Amino acid sequence: MLRFGLSVAEFRNNPDSEKKFKESDKDARPAGTLPDRARPHAVHVEKAVLGAMLREPGCNIDLAIEQFNNNDVFYMPAHREIYRVILQLQQKKAGEVDEISVAQQLREEGKLEAVGGELYLAELMDSIATTVNLESWCQTLIKYSILRRMINVCSDALLKCYDSNADAAKVVEEIESDIYNVRGEDSSRSIVNVSDLVAGQFEELIEICKGNREVGIPTGFAPIDECTGGLKAGEMFVLAARPSIGKTSLALNVLRNVAMNREKPRSVAFFSLEMTAEQIARRLLCTESQIPESVFWNRSFQYSDLTRMTGAVDAIRKAQIYIDPTGGLTISELRAKARRLKAQKNIELIVIDYLQLMHADGRIESRQQEVAEISAGIKKLAKDLKVPVLVLAQLNREIDKAQGAGARPKLAHLRESGTIEQDADIVSFLHRNREESKGAGTTTSVEAEWIIEKNRNGRTGNFKLLFYPARMEFLPAAPCSEEFAPAPQQQQQA
């Protein structure tokens, strides 16, 4: 008999016995939300995994740790305790994990009898004839663990939905985030052999060379695409500038080029923390129609241009552009909304305007740490969803103080955090003299520069642009840096 009044056999087959341990029961189900039935599990597979780790600890413990590094994969309370002790001994000193050391550690903690004693440890080792199938056993336990976690998430979701005082939108975001976190546990292992990758990557490079596959999504600015390869999946592309330089306009020009590409239009998401959805839609409409918004204010709109305006309306209505104007967005809210859009609309580009207006989750000691957490969260989002994220950012005032209005921005001028340049795959700056655009006519353009200051996978350079303030549009200029010329259609529009 055990100290808790249960036999060894009763303990092994009774999950409720876990309540006797001090550790919290993460598999405990909320009362009244689920039927009385056992959760998905496989006791014999759990015994096989633990037996393999005890029989050949040298290689099998590391393999199991690689597959799952916590005891949640084990359903039986005794198995969780044994696995925890194996990990604890492994961390202390390699090579000392065996049946005797595990039993001794459990004895010192007063839990040896609770898990079944030394006889049960010996039974685990005798439960298998070979350890060759350990990896497939681990995958079986992971599968059942994911199902149990989904039961927990759905149970918690029911309780949250029954709370009449809860914020419905917040509850939905929390549930979506919880489900996505469970889904992420089924991802493939992070360690892969390069020999399994090189052949496929070689074929992909050949396809790119033949023009059969894109490196990244074209921005619509040929010189920039030549330099960076376009907007590549999983990458964080930073576009920074001082206020009123036109970074939102340039971002919307890129978004429009991607979503309204004649050959291959794509779904895009625009998270605007600064402007309303109506303002974004109005700016897209005026840029697409080539009609300045000011003509409507001063009532100088010519009805002969009505055809251009209605044509722009039809073109934009066909585009898959999704705008979220939520102000003060947190990184968790961004993740939840982006994941939903990816799942429902298959978005291929995310644009954020702009980073410093976002907030981190929870309380942060300093603004620099908060921006660093936001930046890391955006980069992780790009990798998780496998989409490029174009994020706008503010530059600090040092560029104006040190050298005047004509100074070229540098990485050190990124506002509030140096981690932005570390997380980003590409850091670019938009620069122009804002004084030149004052009083500009409806067809007047001013010079601007798109500076690629950091490119993790390519070269850098300065590229000339033409900015039309009246319609908030940027176009490549000729001649441009690196001997790039704008596309013929863009030249004609300019």
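User: Which strand do four bridges join to β2, and do the two run parallel or antiparallel?
Analyst: Strand β3, residues 321–324, and the two run parallel. Strands here are DSSP runs (E, at least two residues), and helices are runs of H or I, at least four residues, numbered from the N terminus. Two strands pair if DSSP finds at least two bridges between them. This is a predicted model: local features need pLDDT of at least 70, side-chain atom pairs count only at pLDDT 80 or more, and totals for chains, interfaces and linings use all residues. Residues are numbered from 1 along each chain as its sequence is written, and side-chain values use heavy atoms, with hydrogens and water left out.

User: What stands opposite Val-268 in β3?
Analyst: Ile-321.

User: How many bridges pair β2 with β4?
Analyst: Five, in the parallel sense. β4 covers residues 349–353. Its Val-351 stands opposite Phe-270.

User: How many of the residues of β2 are buried?
Analyst: Five of its five. Buried means under 20% relative accessible area, exposed over 50%, partly exposed in between (1.4 Å probe, protein chains only). Val-268, Phe-270 and Ser-272 sit on one side. Ala-269 and Phe-271 sit on the other.

User: New topic. Is the peptide bond from Asp-353 to Tyr-354 cis or trans?
Analyst: Cis, with omega near -5°. Tyr-354 is in the loop between β4 and α17.

User: What about Asn-346: is its phi positive or negative?
Analyst: Positive, near 50°, in a residue other than glycine. Asn-346 lies in the loop between α16 and β4. Asn-346 counts as partly exposed because its relative accessibility is 44%.
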